[in-house]
Structure formats: structure tokens, C-alpha cells
Amino acid sequence: MSEQSTSSQAPDRTPRVVIVGAGIAGVQTAVALREQGWRGAITLLGGEPHQPYDRPPLSKAVLLGKAEGSTFDIDFGALGIELHLSRPVTALVPGARTVETAEGPVPYDYAVLATGADPVLLPGSAGLPGVHLLRTLDDAERLRPVLAARHEIVVVGAGWIGAEFATAAREAGCAVTVVEAADRPLAGALPAEVAAHMTDWYADAGADLRTGARVAAVEAGVVTLADGTTLPADAVVVGIGARPATGWLAGSDVALSPRDGSVLADAWLRTSVPDVYAVGDCASFPSARYGTRLLVHHWDNALQGPRTVAENILRGAAEGMVYDPVPYFWSEQFGRFVQYAGHHGDADELVWRGDPAGAAWSVLWLRGARLVALLAVGRPRDLAQGRKLIERGAALDRERAADASVPLKAAAL
């Protein structure tokens with residue numbers, strides 16, 4: 001508790017920000033508040049027993065035993081941040097201005113919802129031995145000996161996390177079969193004409209990718225597909241998506257999206273409840289840049305959003321900051337560094353830059369000649385330059401943009 005109360009009888013009037021969730025979005029919000037001058041109390045509530053940690057290394061260094069963990073190098077005590085671990089929040093009560101926990105209510109002047117997302121479970125697989133997710137540090141530590149034993153592994157889902165796990169499993173020497181219900185990898189993220197060029201990456205790495213394959217049953221040591229095919233599986237790793245972790249907000253008057261369950265934050269990352277903000281994987285926000293509401297489940301969003309939340313708590317929305325980033329993420333898979341910036345949903349033209357059969361190439365999405373999104377495979381300079389062009393709303397000369405020998409910035413009109 002705060003130590004700024006003047007006597008044992010006087011109530012503590014120190015203004016308090018309570019942050020629900022101790023992942024990167026919650027941690028960075030706490031740090032940003034201090035950096036930007038918040039002098040009140042900060043309480044950070046984490047549901048896990050571990051010191052707050054970063055997630056990207058879980059599917060790489062931690063999983064392969066090259067690192068013991070990925071704890072943030074932050075001295076919470078020195079920053080005056082009260083960190084409570086193993087303290088999941090069960091409800092938000094705006095009328096009482098409290099968040100509820102098993103240990104009792106925690107009062108707030110401002111609350112920040114940063115609860116992230118929960119992985120989607122494979123129907124019928126909950127609690128089955130040998131079935132794994134890869135979302136938490138505990139998940140990664142349970143999977144590490146599986147990889148070390150070079151087991152036969154079935155990965156369900158050929159999205160970003162499935163590809164990254166399959167990459168690590170092959171590096172560890174495991175036999176890997178990836179089953180994907182759609183007709184291509186990354187079906188929910190990229191159009192068919194782009195994702196098609198990523199299909200061969202699996203075979204090149206020695207992984208067996210099976211598309212159009214639905215799982216009918218998972219039993220001890222075997223996965224049965226809908227067509228009757230059986231796949232031996234010492235372990236099954238499920239990576240079929242994630243949903244905002246917002247179920248605990250039922251009855252709180254915080255407006256949620258009926259489509260995806262995300263907190264419906266506004267352009268300042270405020271929720272529908274006064275003095276309650278939302279940031280990271282649990283929240284969607286309106287993008288004036290793209291004319292739509294975005295739900296971004298990637299690390300960079302959880303890093304950038306907290307600065308906006310801190311600014312707006314300190315200054316108020318009237319003087320604060322609108323959140324309208326160019327979304328960005330990266331993935332390391334099958335020896336390739338894949339980066340994406342922007343949002344291609346409203347694009348009307350696709351421009352190839354380089355040979356997609358090769359090791360390095362990019363795809364540009366344009367709308368009315370304006371660059372709105374970019375995927376770069378092994379071309380980090382394209383990504384860096386393209387991200388700036390998207391931020392500027394720059395139009396491109398199509399012929400120069402398609403010439404991979406021309407710096408992308410030189411194609412701007």
C-alpha cells in the first residue's frame with residue numbers, strides 16, 4: 001500500500017492507478033506513467049506467479065533451452081510500483097471504483113485493463129495429457145523437455161505461432177506434422193496469393209504441412225483427422241488463435257465487441273466507463289488512418305499503446321494523445337525473418353517486389369496508389385522505409401516500387 005498517508009487515522013488520498021494484467025502492456029503502462037510524471041500510486045496486478053516477462057522469446061530461446069526466462073529488467077520497487085503476483089482479477093465494479101480479487105477489492109482512481117488474450121482451445125482437448133498450448137512461461141517450460149526428447153509432434157494450426165513452434169521443433173530434431181483446416185498457412189492473416197508462397201517453407205524445413213485437414217479427435221498418442229487419417233503424436237501443440245481475455249468484465253458496463261469480445265476502446269484508449277482505459281491484446285480501437293476498428297494481437301501494439309494511456313491519464317483526453325499507429329509485427333520462421341506493417345484490408349492493388357520463390361522479397365498493398373501495408377521477407381530495409389511511407393500516407397510510383405533494386409523510399413511520389 002502507499003506510504004504517503006499522514007497518519008494511521010487519516011484515509012489515503014493518494015490518487016491510484018490500478019493496472020489489471022502484468023504482461024508487456026500492463027508493465028509498460030506502469031513504467032510510462034512514472035516516466036511521464038505520474039506521482040500517485042501505481043498498483044500492478046498479475047495473475048501468474050512469475051515476475052513479469054516478455055512473450056516473444058517463449059517460442060524461441062526459452063522453448064529451445066537457450067534461455068531460462070525472459071523476465072523484464074525493471075526494478076518495480078525503485079519505481080514505486082506495487083506489484084502483486086498470483087492475484088487474478090475477477091470483476092470490475094465501476095460504482096465502487098474497485099477491481100475485485102480473491103484477496104479483496106482494490107480501489108482505483110484510474111483503472112487500466114491490460115489482460116491480453118486467451119488461446120482458443122481445440123474442442124474436446126481440454127485437460128488431455130500430451131496436449132499443449134504455447135502462451136505462457138509455464139507452457140514453454142512444459143514443452144521444453146518434449147522438444148529435447150525429439151518426439152513426434154502434431155501442430156494444430158499453421159498461423160504465426162504454429163509456424164514459429166514448428167520451426168523450433170524442427171531445430172530440436174523433432175518429427176513435425178502441421179495440420180491446418182484452411183487451404184493454406186496464415187489463412188486468417190494473408191491473402192491466398194501471398195500465403196501460397198509460404199507453403200513450401202514447411203517442406204524445405206522437413207515439416208509435413210497438411211492443409212484442408214480438420215482434427216476429428218485427439219487421443220493418447222494419436223490425432224485422427226476428419227478424413228480418417230491417423231497421425232502419431234507424442235505431443236499435440238494447439239495454435240489456432242486467441243481471443244481477448246475479457247470474460248471477467250461481464251456486468252461491469254464496459255462495452256465489448258459482439259464480434260470478437262474485445263474492449264471497445266475509443267481513439268484515446270478510453271473504455272465506455274469513466275476513468276477506465278484498455279490497452280494491448282484485450283482492446284480494439286478505431287483507426288482514422290484505415291477507417292475501421294482494429295484488434296491487433298502483436299507485441300508492438302502492447303508496447304506503443306501504454307504511452308498513449310499514460311499520456312491521457314496524466315493530461316486528460318482533451319490535451320492527450322489519439323492512438324492511431326501503423327500496426328507492426330514480425331515472425332521468425334524456417335530461417336526467414338518476416339515483417340509486416342500496416343493493414344491491407346482496404347487495399348485495391350498488390351505489387352510484388354522481388355521474386356517470392358527466392359529468399360528475399362516484399363509485397364506492397366496500395367489503395368489509390370497510396371501505400372497502406374507491406375510484408376517483407378528477408379528485406380528489413382523495405383520494412384523500415386515502407387513503415388515510414390505508410391505513416392506519411394505516401395503515394396508510390398508503381399514501376400519503381402516493383403523494382404527491388406530501387407530503394408523503396410525512392411519510389412515515393
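I started with the cut-off that my first stop needs: a salt bridge is a side-chain nitrogen of Lys or Arg within 4 Å of a carboxyl oxygen of Asp or Glu. I also kept in mind that this is a predicted model.

**Entry 1: E180**

I looked up E180 and found its place in strand 11, residues 175-180. What is the nearest side chain of opposite charge to E180? It is R214, at 7.8 Å. I then checked where the side chain of E180 does reach, and found the backbone nitrogen of A158 at 2.7 Å. Setting aside residues up to four places away in sequence, I listed what E180 touches: G157, A158, G159, R210, T211, G212 and A213.

**Entry 2: salt bridges**

Side chains of opposite charge can pair when their charged atoms come close. I got a count of 16 salt bridges and opened a few of them.

E103 and R87 meet through their side chains at 3.5 Å, N to O. I placed E103 in the loop between strand 5 (98-101) and strand 6 (104-107), and R87 in the loop between strand 3 (81-84) and strand 4 (89-93), so this pair ties together parts 16 residues apart in sequence.

D139 forms a salt bridge with R142, and I noted 2.8 Å between the closest N and O atoms. Both lie in helix 2, 3 residues apart, about one turn of the helix. D139 counts as buried at 10% relative accessibility, and R142 as partly exposed at 48%.

Next I opened E349 with R398, whose closest N and O atoms are 2.6 Å apart. This pair links distant parts of the chain: E349 sits in strand 24 (residues 349-353) and R398 in helix 8 (residues 398-402), 49 residues apart. I found E349 partly exposed at 27% relative accessible area, and R398 partly exposed as well, at 36%.

I also noted that R353, R379 and D382 are linked in a network of salt bridges.

**Entry 3: aromatic rings**

My search of the whole structure gave 9 aromatic pairs. I picked Y202 and F334: their ring centres are 4.6 Å apart and their planes stand at 55°, so the pair is tilted. Here too distant parts of the chain are linked, with Y202 in helix 5 (residues 199-204) and F334 in the loop between strand 22 (328-333) and strand 23 (336-342), 132 residues apart. Both Y202 and F334 are buried. Elsewhere in my list, W160, F329, Y340 and W365 form one aromatic cluster.

**Entry 4: nonpolar cores**

Which members of the largest nonpolar core touch the most other members? I found I153, F165, L190 and L375, out of 113 residues. I followed F165: leaving aside neighbours within four places in sequence, F165 is in contact with L63, L134, L143, L147, I153, V155 and V237. Apart from that core lies another, of 12 residues, among them A213, V218, V236 and V238. A213 was already in my notes as a contact of E180.

**Entry 5: positive phi**

R150 has a phi of about 55° and is found in the loop between helix 2 (137-148) and strand 10 (152-156). At 60% relative accessibility, R150 counts as exposed. D275 has a phi of about 65°, in the loop between strand 18 (263-264) and strand 19 (276-278). D275 is partly exposed, at 29%.

Key. Residues are numbered from 1 along each chain as its sequence is written. This is a predicted model: local features need pLDDT of at least 70, side-chain atom pairs count only at pLDDT 80 or more; totals for chains, interfaces and linings use all residues. Side-chain values use heavy atoms; hydrogens and water are left out. Helices (H or I, at least four residues) and strands (E, at least two) are DSSP runs, numbered from the N terminus. Buried means under 20% relative accessible area, exposed over 50%, partly exposed in between (1.4 Å probe, protein chains only). Lys and Arg count as positive and Asp and Glu as negative; His and the chain ends are not counted. A polar contact is a pair of N or O atoms within 3.5 Å; within protein, one must be able to donate a hydrogen and the other to accept it, and residues adjacent in sequence count only if both atoms are side-chain atoms. Contact means heavy atoms within 4.5 Å. Rings of Phe, Tyr and Trp (its six-membered ring) pair if their centres lie within 6.5 Å; planes under 30 degrees apart count as stacked, over 60 as edge-to-face and the rest as tilted. A nonpolar core is a set of buried Ala, Val, Leu, Ile, Met, Phe, Trp, Tyr and Cys residues joined through side-chain atoms within 4.5 Å.
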